[in-house]
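Please look through the sequence and the structure shown below, and keep both at hand while reading. The paragraphs that follow lead from one site to the next.

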Amino acid sequence: MSKVFIMDHPLIQHKVSHLRSVETGSKEFRELTREISQLMCFESTRDLPLENYEIETPIGPTIGRRISGKTLSIVPILRAGLGMVDGILDLVPTAKVGHIGLYRDPKTLEPVEYYCKLPDSIQHRKFYVLDPMLATGGSAVAAIQFVKDRGAKDICFLCIIAAPEGLKKLQNAHPDIEIYIAALDERLNDHGYIVPGLGDAGDRLFGTK
């Protein structure tokens with residue numbers, strides 16, 4: 001079963017509460033999404049391997065430590081996932097960025113890929129798939145499968161708010177990934193929205209209806 005990490009850091013919870021508020025406009029919503037994503041990145045990269053190397057300070061030589069092993073790649077699910085990219089790049093500016101675009105087939109209601117562009121050397125990368133909301137779980141399950149189909153083996157999923165229904169679906173479909181969540185909410189309503197949630201993350205990020 002997937003490892004699930006629900007982040008209870010006070011700064012994350014403080015900012016998520018502001019993010020939820022109906023009074024929060026698009027500019028502040030984007031800023032908060034970026035800040036929360038940065039804090040989530042800090043927590044989710046805690047176990048990255050390090051290696052020693054020699055450096056020269058103004059005073060003399062010493063041994064420093066740097067990240068070793070797989071290089072990082074972040075993959076936002078379009079369009080709302082774009083709001084999480086810059087916060088992670090603030091901390092890991094050398095990370096490569098891919099993109100996945102999905103839409104729901106009106107007849108089958110299944111996610112369909114319309115765009116997928118990933119960095120090269122996929123098998124040598126650790127992938128962070130990003131989407132602010134994990135509602136029904138359909139898009140996340142499909143996006144991660146698309147990444148796997150192209151050769152990725154080491155995958156994390158980061159979302160700000162999740163519903164139990166979507167989390168269960170994602171865990172069942174991809175038991176080998178790590179899942180990082182800032183807040184696990186109560187349920188989905190009849191329209192597929194997370195309760196209490198924050199509404200449509202894409203619309204709130206980009207000021208659309």
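**A walk through the predicted model**

S68 is found in the loop that runs between strand 3 (61–67) and strand 4, where helices (H or I, at least four residues) and strands (E, at least two) are DSSP runs numbered from the N terminus. This is a predicted model, in which local features need pLDDT of at least 70 and side-chain atom pairs count only at pLDDT 80 or more, while totals for chains, interfaces and linings use all residues. Residues are numbered from 1 along each chain as its sequence is written, and side-chain values use heavy atoms, with hydrogens and water left out.

With a relative accessible area of 14%, S68 is buried; buried means under 20% relative accessible area, exposed over 50%, and partly exposed in between, with a 1.4 Å probe and protein chains only. If its neighbours within four places in sequence are left aside, S68 is in contact with P49, L50 and E51, contact meaning heavy atoms within 4.5 Å.

G83 is buried, its relative accessible area being 16%. Apart from neighbours within four places in sequence, G83 is in contact with T33, R34, S37 and L205. G83 and S37 are 46 residues apart in sequence, and their C-alpha atoms are 8.6 Å apart in space.

S37 leads on to helix 2, in which F29, L32, T33, I36, S37, M40, C41 and S44 are buried. An α-helix has 3.6 residues a turn, so residues three or four places apart point the same way. The buried residues of helix 2 pack against helix 1 (10–20), helix 3 (85–91), strand 8 (125–130), strand 10 (154–162), strand 11 and helix 6 (201–206). The 19 residues of helix 2 (residues 26–44) should span 27 Å at 1.5 Å a residue, and the end C-alpha atoms are 26 Å apart, which agrees; the expected span is 1.5 Å times one less than the number of residues.

The structure holds one cavity of 30 Å³ or more, and about 40 Å³ of space lies in the largest cavity. On a 1 Å grid over the protein atoms alone, a cavity is a set of points where a 1.4 Å probe fits but cannot get out, whereas a pocket is an open set with protein on both sides within 12 Å along at least five of seven lines, and lining residues have an atom within 4 Å of a point. Grid points are joined across faces, edges and corners, and a volume is the space filled by probe spheres set on the points. The largest cavity is lined by C41, S44, T45, L72, I74, I88, V92, A95, Y128 and L158, and the elements that give two or more residues to this lining are helix 2 and strand 4.

The largest pocket has a volume of about 750 Å³. Its lining is made by 27 residues, of which D131, M133, A135, S139 and D200 lie nearest the centre of the pocket. Strand 4 (71–78), strand 6, strand 7, strand 9 (133–134), helix 4 (138–149) and helix 6 are the elements that give two or more residues to the lining of this pocket.

Which aromatic rings pair? A search of the whole structure finds two aromatic pairs, where rings of Phe, Tyr and Trp (its six-membered ring) pair if their centres lie within 6.5 Å, and planes under 30 degrees apart count as stacked, over 60 as edge-to-face and the rest as tilted. F5 and Y180 form a stacked pair, 4.7 Å centre to centre and with 10 degrees between the planes. This pair links distant parts of the chain, since F5 is in strand 1 (residues 3–6) and Y180 in strand 11 (residues 178–184), 175 residues apart. F5 counts as partly exposed at 33% relative accessibility, whereas Y180, at 5%, counts as buried. Y103 and Y114 form a tilted pair, 6.5 Å centre to centre and with 35 degrees between the planes.

The backbone has some details to note. Most residues other than glycine have a negative phi, and most peptide bonds are trans. The peptide bond from L78 to R79 is cis, with omega near 5 degrees, and the bond from V195 to P196 is cis, with omega near 0 degrees.
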